[in-house]
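Dear colleague,

I am passing on the structure below, together with some notes on its aromatic rings. Please read the notes with the coordinates open beside them.

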Amino acid sequence: MARNAKNSVFLEEWLRVVSGSSVSSSLVKQNSVPSARSIIQAWSEIRESLQSQKFDTRFLQALRALVSSESTIHVADPQAKLLIAILSLKDVSFPYESCTLVIRLLYVWIRKSFRPSQALVGSAVQAIRGVVDVGRCNLQPVLVAQSVLVAGAFACVSSLSGELKVLSLELLCRLLEEECSLVGSQEELIPVVLAGIGYGLSSSSDVHYVRLLDSLFGCIWLKDGGPRGSVTHGLMILHLVEWVVSSYMRSDYVNKMSFFANEVLDTSKADYTVFAVLMAAAGALRASAAGSSGGGSQNLEVVSKLRNSAEKRLEAVAQRLVANGSVKLPTTQREDLLLKCFAIALARCGSVSSSAPLLLCLASALLTQVFPLGQIYEPFCKSYGNDPIGPRLIWVREHLSGVLFKESGAVTGALCNQYATASEENKYIVENMIWDFCQNLYLQHRQIALLLRGVEDTLLGDIEKIAESSFLMVVVFALAVTKQWLNPPIVSEERKMETSVKILVSFSCVEYFRHIRLPEYMETIREVISCVQENDATCVSFVKSIPTYDSLTNPKDLFTQRIEYEWSRDDVQTSRILFYLRVIPTCIGRLSASAFRRVVASTMFLYIGHPNRKVARASHTLFVAFLSSAKESEEDERNQLKEDLVYYYMERSLEVYPEITPFEGLASGVAALTRHLPAGSPAIFYSVHSLVEKASSTFITDDASQGRKSDPGNQILDLLLRLVSLVDIQVLPYLMKSLAQIIIMLPKERQNMVLGELYGQVAESDDVIRKPSLVSWLQSLNYLCSNNRTQGSASGPTIDSSNQLAARL
């Protein structure tokens with residue numbers, strides 16, 4: 001990024017861009033590309049004003065036009081001489097802002113001039129000093145800031161004499177020290193002042209070097225009325241130091257690199273602000289990473305020492321936030337800022353040697369500053385209904401647009417890099433921090449979603465954008481964890497089991513925020529489930545983590561007292577249960593019958609009746625998986641449970657069919673129970689009976705729909721027709737009799753269709769055991785249908801009673 005700064009003429013503008021600052025300069029207002037004529041006219045107005053000694057609004061407008069076009073114009077030495085002459089005038093009243101604009105044009109001159117006149121530079125320094133001295137009692141912050149900038153730019157010109165550089169540096173340091181509160185009093189001026197200091201530090205002269213460092217790291221931030229440090233300011237310092245150190249490397253200023261490391265990184269100074277030193281260390285690391293491949297052996301040695309000093313400084317600052325191996329929650333605004341700066345610094349400085357304090361601070365910064373969901377949830381839930389929403393919405397919006405949140409991916413990458421080489425103890429600490437974050441996110445977002453949905457959807461949507469980004473962080477970190485603990489053969493089975501369960505539980509907590517298909521997510525899920533499938537205890541441990549039936553339907557949380565709670569409208573909870581419904585079938589063979597009965601069955605049946613068909617379908621799939629599962633050690637108990645569950649399954653499914661129960665789910669469940677229950681099981685007879693009753697009641701209540709294939713009654717009838725080839729030979733007679741009762745009730749057209757389907761099904765059957773019975777039954781059924789139609793055409797429809805029909809069949 002420092003290389004990109006070489007393409008930018010003005011350092012302060014580059015600092016604004018790389019720091020993500022949203023505050024632009026009010027002095028420089030970029031217009032469309034000016035015409036040559038307008039530029040010539042502006043210089044002519046300035047020249048005439050000097051000659052006539054009349055500096056009116058036309059003069060001011062000419063200066064503004066030139067400054068607004070600073071990116072495209074070139075200020076030559078004669079024009080600079082004109083500007084210096086104006087600044088040197090005494091006892092002349094200038095329009096407000098005109099002196100600042102003149103100084104800005106001198107800055108444009110010095111930055112774009114290949115070899116400026118030494119005499120002109122000397123005159124410019126003296127003129128600016130005169131302006132500052134004369135206007136000391138009425139100095140404006142923007143005038144001082146631009147003076148700092150141009151003085152630093154003068155000192156940075158390599159072709160100037162040492163005397164002129166010293167003169168410029170003296171003016172720069174004097175302005176910084178004496179007018180410190182002014183230069184930092186406005187946000188838009190911070191990059192201007194920092195750029196001036198950066199120019200001064202990159203000068204070949206060593207004079208006043210310590211004074212400049214003291215201003216950069218101390219006086220600007222510590223004086224009353226000065227700026228309060230922020231992440232944006234920290235980023236400006238980071239990239240400013242990167243730019244300065246990169247210039248040292250290019251110019252082979254070995255002594256300056258050593259001096260910078262000694263004064264800023266190796267020595268702790270009480271009057272240096274910690275956040276500024278922290279970001280300077282990150283900037284030095286970033287510059288050294290980009291420039292370590294060039295230069296001679298001496299240069300490489302100094303760069304290596306610089307990196308070592310910077311890493312030690314980062315670790316020393318991190319150690320201040322760590323107590324007894326854990327991170328203290330920030331209790332002051334200063335600690336809050338340090339954690340934010342830690343996150344952004346490690347995201348941008350490149351690779352850093354592994355360190356326990358760095359890892360712990362980075363994890364804490366990620367969970368409390370990059371994703372400050374706890375700071376949003378807790379105060380909001382406590383004061384909901386009492387405080388206005390507006391300020392909270394603004395705070396959330398500002399965080400979403402802030403550079404720290406936008407760098408969340410890079411911060412996560414830095415965390416994973418630190419984690420990969422950490423000790424086992426510190427890995428365990430950080431893992432638990434992430435897993436606890438997932439649990440809290442689930443519990444707290446449930447409350448927020450229930451309170452705000454339909455009331456404050458805009459605020460809820462913005463909060464969920466932060467939470468969705470945190471989901472990506474959890475996935476990337478979980479993948480890093482699986483590579484550490486699930487693949488290596490030397491890891492104990494107990495550690496693998498514990499890690500697998502915690503990852504699955506954490507994924508269930510953040511399932512609500514999964515809206516895209518991530519390769520990292522799929523890879524992690526595959527690895528974790530393969531471990532769960534290998535061990536009964538792991539499977540049981542995971543299943544036991546599912547919320548209990550009582551907590552799902554009647555939570556005791558305080559927030560539910562404020563609303564009318566309905567379990568089916570709790571979308572966050574539903575997403576979590578859906579995760580369990582999808583994962584449990586993959587390891588159902590490891591789960592004991594007693595555990596399924598005690599933990600899973602009630603929740604499965606509850607969500608069979610969920611209005612979201614995707615959720616209901618997953619519940620049916622889980623039931624099918626259990627019916628098709630086997631466990632040799634408990635075969636009898638498992639079979640008995642399967643039969644016991646079928647009764648309630650049919651009752652629960654059909655009572656909400658077709659409004660909620662998806663036909664595909666019901667059909668798969670019925671097909672599975674006919675395949676996997678013992679032959680002649682009473683549960684199969686009950687299922688057939690329930691389907692026949694449902695079909696009959698549907699046809700009776702909705703006669704108009706009997707001709708439509710997709711209607712509920714016809715779907716149930718089609719399912720019964722499929723069962724003809726699925727049920728065992730003991731159940732088949734009962735099914736044939738029940739089917740006949742329904743078919744006889746159908747209209748002529750539908751009867752013909754059903755009989756045609758049955759004939760085709762029997763004709764294609766290779767089952768030599770049931771085929772003779774089916775052929776005979778079909779013949780009798782066809783005769784009865786024909787006989788009923790004949791009698792019905794003569795004297796109205798005639799329907800046999802059940803006993804008469806059974807006797808005829």
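**Aromatic pairs and charges over rings**

The count comes to 25 aromatic pairs, where rings of Phe, Tyr and Trp (its six-membered ring) pair if their centres lie within 6.5 Å, and planes under 30 degrees apart count as stacked, over 60 as edge-to-face and the rest as tilted. One of them joins Phe-579 and Tyr-580, whose ring centres are 6.4 Å apart with planes at 90°, so this pair is edge-to-face. Both Phe-579 and Tyr-580 are buried (buried is under 20% relative accessible area, exposed over 50%, partly exposed in between, with a 1.4 Å probe and protein chains only).

This is a predicted model, in which local features need pLDDT of at least 70 and side-chain atom pairs count only at pLDDT 80 or more, while totals for chains, interfaces and linings use all residues. Residues are numbered from 1 along each chain as its sequence is written, and side-chain values use heavy atoms, with hydrogens and water left out.

Phe-605 and Tyr-648 are also edge-to-face, because their ring centres lie 4.9 Å apart and their planes stand at 80°. Phe-605 counts as buried at 6% relative accessibility, whereas Tyr-648, at 40%, counts as partly exposed.

Elsewhere, Phe-10, Tyr-107, Tyr-199 and Trp-243 form one aromatic cluster. The charged end of Arg-104 sits over the ring of Phe-10, 5.5 Å from its centre (the criterion being NZ of Lys or CZ of Arg within 6 Å of the ring centre and within 35 degrees of the ring normal). Arg-495, in turn, lies over the face of Trp-485, at 3.9 Å from the ring centre.
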